[in-house]
Amino acid sequence: MRKLSFILFFLSFSVVLLAQHTLPLKGNVVKPTDTHIQYVGRISMQNPERPAWNYPGIQIVTAFEGTAAKLVCKPGSGYFMAQIDEAEPFKVAFRGQRDSVVTLCTALPRARHTVRLMYIIEGYEMRPEFWGFVFDGPVCDAPALPSRTIEFIGNSITCAYGNEATDKLDHFQYETENHYYGYAQLTARALNARAHVVARSGIGVYRDYNGPKTGTPDSRMPVQYEYTGYATSTKLRQQEGFDAERWDFARFQPEVICINLGTNDLSTHNYDVKLLRQAYDDFLRLVRSHNPKAKIVFLCGSMLLGKELDIARKTLDQVVADAQKSGDRQVYRFDFSPQDGTLKYGADWHPSLWQHEKMAAELTAYLRTLMQWF
């Protein structure tokens, strides 16, 4: 790992006492509303002082002049990857119910520094919020975001479920999910693209994992795609805050959309192929209605094998062929190599870190040619 001798990273947790929305912290307190901060992803600004989200891959980027930086979030928000300038990224955590301040860096040379953050887990239980930064100098303009744009729609594979686990028999833990090293973000970085992610473990096109054969109408992706945040049911959406917020698709119009679903629909041998096919057709029309100019790529893999893999491939081939016959010629197909254990497994047989790297290499090469991103 690269080391910068002048950077001393450590974690420091403090209690933040709120008084009339003022954080009693020493230094330059930079609120989330500061125009020097760049945001990437489906973030709710219903309360501009407390941006909220729950999908992985949310990014917060800014810059400052000084020697030290702290990050302030709602206690219990979960895990981020942080990067200062071009140093090695590192993980920071907000897990305790009183932990709300993390020291990102200290003892830097007094100069201009860039801070990049990415939320790396599924936060639908934690309901994370960003509360601001504290610098020992003035905030500066954030670096320009990449002009190329991708949207990833998916399930646990796209979330990077369990990719840091060391045994396929391990079960889900937030500590071993690291979306930063998942195929989606690896691909985006390789292509110098800005990525939005709409993904949740267990979700399907018509049927979530181990759901009834007739489908799971409240929680499947075509329902969730319409909203800024994820909610597990229609009832919860009516009760909770930003889960009820309709996503404004004008905020982000990607050039290419990668959809990696179907693994949960075909789970536990309790599926209906006709319902799956109809759901794919309907979802394609929905995605196209919100993104009229995007290229749409249906991905397959890498967890499906045997009969279910054959069904998924044939179904997606038919969906794409019919769409092109109907006049939508900007719909495509791509298959990941199925995992076979040679690159080990993550938790619950999910792709390992090495499998995600392979997936990213395959998808990067495909998208580079498709999009002419050389």
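I took a charge to sit over a ring if NZ of Lys or CZ of Arg is within 6 Å of the ring centre and within 35 degrees of the ring normal. The model I looked at is predicted.

**Charges over rings**

I looked up Lys 91 and found its charged end over the ring of Tyr 79, 5.5 Å from the ring centre. I then went to Trp 349, where Lys 168 lies over the face at 5.2 Å from the ring centre.

**Aromatic pairs**

I counted ring pairs next and noted 20 aromatic pairs. One of them joins Tyr 161 and Phe 172, with 5.1 Å centre to centre and 45 degrees between the planes, and I filed the pair as tilted. I placed both residues in the loop between α1 (156–159) and α2 (183–190), eleven residues apart. Tyr 161 counts as buried because its relative accessibility is 11%, and the cut-off for buried is under 20%. Phe 172, at 30% relative accessibility, counts as partly exposed.

I turned to Tyr 280 and Phe 298, an edge-to-face pair with 5.7 Å centre to centre and 90 degrees between the planes. Tyr 280 belongs to helix α5 (residues 273–290) and Phe 298 to strand β14 (residues 295–300), so I read the pair as a tie between parts 18 residues apart in sequence. I recorded Tyr 280 as buried at 2% relative accessibility. Phe 298 is buried too, with a relative accessible area of 1%.

I also traced a cluster in which ring pairs link Tyr 39, Phe 64, Phe 130, Phe 133 and Phe 135.

**The five-stranded sheet**

Which order do the strands of the open sheet of five take? I read it as β12-β11-β13-β14-β15, with parallel pairing. β12 (193–199) and β15 (331–335) stand at the edges with a single partner strand each, so one side of each has no neighbour in the sheet.

I followed the pairing of β14 with β15, which is parallel and runs over five bridges. Ile 296 has Val 331 in β15 as its bridge partner.

**Helix α5 on the sheet**

I came back to α5 to see what it covers. The helix lies across β11 (148–154), β13 (256–260), β14 and β15. I noted its angle to β14 as about 145 degrees. The Tyr 280 and Phe 298 pair therefore joins α5 to one of the strands named in this entry, β14.

Note on methods
Residues numbered from 1 in each chain as written. Predicted model: local features only at pLDDT ≥ 70, side-chain atom pairs only at ≥ 80, totals over all residues. Heavy atoms only, no water. Phe/Tyr/Trp six-rings, centres within 6.5 Å; stacked < 30°, edge-to-face > 60°. Helix = DSSP H or I, 4+ residues; strand = E, 2+ residues; numbered from the N terminus. Buried < 20%, exposed > 50% of the residue type's maximum accessible area, 1.4 Å probe, protein only. Pairing = 2+ DSSP bridges. Contact = heavy atoms within 4.5 Å. Axes fitted to C-alpha atoms, helices over the stretch in contact; angles between N-to-C directions.
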